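Here is a friendly walk through a structure that may be new to you.

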Amino acid sequence: MAILGIDIGGSGVKGAPVDTVRGELLQERHRVPTPQPSDVGSIVEAVAEVAAKFDGYDRVGITFPGVVVDGVTRTAANVDKSWLDAPAAQLFSERLGKPVSVLNDADAAGVAEVAFGAGHDQRGLTMMLTFGTGIGSALFLDGTLIPNTEFGHLELDGKDAELRASDRAREHEDLSWEKWAGRVQDYLRHVEMLLSPRLFIVGGGVSKKADKWLPLIEIRTPIVAATLLNNAGIIGAAVTAEQAGGHPGAIAVDADQPS
């Protein structure tokens, strides 16, 4: 069964068919700019534009930058407020004419990393954090996703952590890697104190430049860069769609896939 994964990001909407056994893209991904404003109708059409580049798929998995419960988007911190309580899975399914599963974007990236990447075969509590437009989080216990955590909104220096330590904050304030790494370290120590995870996996665009800042982080918990980089959301969305079996929403995914 061919499954299409689509990742809705702050700057781009990208997708490709996925081999959910190997965790690999079957074709080169197609990307379109994220519409501005990123209202419901515009995003649905952008997803349809990406999907139209491919054929032969039976189901679709789609990531969303917010909390998703049973296919309904409950928050919209970094997209248009028209997404609040929108029946996303239903809207996408009607537009694409295929069963669609929708889950949080960081959850999707985490599913991919735990199934095929840096978190494979990791027991105990594993935390995936994506540093991009905001800070996304995905939490796993023995390989099973605990969906819709929002640890990017913890308070850091009197503000939402993502306003201080996201990659957007680094770019907006023109921070050096050293200055930004200090903020990330403060944030990670706070999360570490709350959860005591066994492993942090860091993803998002800055994971491609991990050599510039990851060695500057000093915390007790082991920390590694994501290995699937910008394909993680696409792969995780497709894995979720496969395991959902046509269910319209994000589910608690057991990401312990065979090698």
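Predicted model: local features only at pLDDT ≥ 70, side-chain atom pairs only at ≥ 80, totals over all residues.

Residues are numbered from 1 along each chain as its sequence is written, and side-chain values use heavy atoms, with hydrogens and water left out.

Q: What makes β9 and β10 paired strands?
A: Strands (DSSP runs of E, at least two residues, numbered from the N terminus) pair if DSSP finds at least two bridges between them. Seven bridges join β9 (residues 125-131) to β10 (residues 135-141), so the two count as paired. They run antiparallel, and Leu-125 has Leu-141 in β10 as its bridge partner.

Q: Why do β11 and β15 stand at the edges?
A: The open sheet has five strands in the order β11-β10-β9-β14-β15, with mixed pairing. β11 (144-146) and β15 (223-225) each have a single partner strand, so one side of each lacks a neighbour in the sheet.

Q: What span is expected for α8?
A: The rule is 1.5 Å times one less than the number of residues. For the 13 residues of α8 (232-244), 18 Å is expected, and the helix reaches 18 Å from its first C-alpha to its last.

Q: Why is α8 called largely enclosed?
A: Buried means under 20% relative accessible area (1.4 Å probe, protein chains only). Eleven of the 13 residues of α8 are buried, so the rest of the structure largely encloses this helix. Among them are Ile-234, Ile-235 and Val-239.

Note on methods. Helix = DSSP H or I, 4+ residues; strand = E, 2+ residues; numbered from the N terminus. Buried < 20%, exposed > 50% of the residue type's maximum accessible area, 1.4 Å probe, protein only.
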